[in-house]
Amino acid sequence: MDLFHNNFRIIWNDTYNACVKNKRPNGQSIPAFLNLALSFCRQLTLHHTIEERHFFPELASRMPEFREELSLVGQHRMIHLGLEKFEDYVNTCRTGETELRLGHMKMLMGSFAHILWTHLDDEVKALGRII
């Protein structure tokens, strides 16, 4: 699981650091930067969907962390509240409806950063207890 999570961490850090520096990475076009951000959103959504449909129900029978009403699924919901706003913004920038403002992107990412990073660690720890 850490392999998947590390991929999310790398893409997040690349995107967020560009926002902090108020500068895209050298040589990266605006469309490429927005595609990277959109890729993050779509990959994370797919990852969570697969977990919730295929893995969490099985794990929930043995471990409370994976039950609907408890932490890891709840963390998914909290992450996606911010992630959906972030994805909407990226899409409006991609279509030209909105001008890309890295400061605004940073604020949107910051709105779910803590819960995302907590979740990435919590899930790996929980899975480590059964492997």
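Axes are lines fitted to C-alpha atoms, for helices over the stretch in contact, and angles between N-to-C directions run from 0 to 180 degrees. Helices (DSSP runs of H or I, at least four residues) and strands (runs of E, at least two) are numbered from the N terminus. The model is predicted, and local features need pLDDT of at least 70, side-chain atom pairs count only at pLDDT 80 or more, and totals for chains, interfaces and linings use all residues. Residues are numbered from 1 along each chain as its sequence is written, and side-chain values use heavy atoms, with hydrogens and water left out.

The protein chain contains 4 helices and 0 strands, and its elements follow the order α-α-α-α from the N terminus. The C-alpha trace spans about 45 × 25 × 20 Å along its principal axes.

Two packed helices are described by the angle between their axes and the distance between the axes. For H3 and helix H4 (residues 102-128), the packing angle is about 150° and the axes are 9 Å apart. H3 and H4 are therefore roughly antiparallel to each other; angles over 145 degrees are given this label, those under 35 count as roughly parallel, 65 to 115 as roughly perpendicular and the rest as oblique. The crossing of H3 and H4 is left-handed, the near helix being turned anticlockwise from the far one by less than a right angle (clockwise for right-handed). The contact of H3 with H4 has 14 nonpolar, 7 polar and 3 charged residues. In these classes, Ala, Val, Leu, Ile, Met, Phe, Trp, Tyr, Cys and Pro count as nonpolar, Asp, Glu, Lys and Arg as charged, and the others, Gly among them, as polar.

Helix H2 (residues 30-60) and helix H3 (residues 71-95) have axes that come within 9 Å and cross at roughly 150°, so H2 and H3 are roughly antiparallel to each other. Their crossing is left-handed, and the residues of the contact comprise 14 nonpolar, 6 polar and 5 charged. H1 and H2 pack at about 150° with axes 10 Å apart, which makes H1 roughly antiparallel to H2. The crossing of H1 and H2 is also left-handed.

A pocket is an open set of points on a 1 Å grid over the protein atoms alone, where a 1.4 Å probe fits and protein lies on both sides within 12 Å along at least five of seven lines; lining residues have an atom within 4 Å of a point. The largest pocket holds about 230 Å³ of space, the volume being that filled by probe spheres set on grid points joined across faces, edges and corners. Its lining has 12 residues, of which Met1, Phe4, His47, Glu51 and Phe55 are the closest to the centre. Helix H1 (2-21) and H2 are the elements that give two or more residues to this lining, and H2 provides the largest share, 6 residues. By class, the lining consists of 8 nonpolar, 3 polar and 1 charged.

Side chains of opposite charge can pair when their charged atoms come close. With a salt bridge taken as a side-chain nitrogen of Lys or Arg within 4 Å of a carboxyl oxygen of Asp or Glu, the count is 3 salt bridges. One of them joins Asp121 and Arg9, whose closest N and O atoms are 2.9 Å apart. This pair links distant parts of the chain, with Asp121 in helix H4 and Arg9 in helix H1, 112 residues apart.
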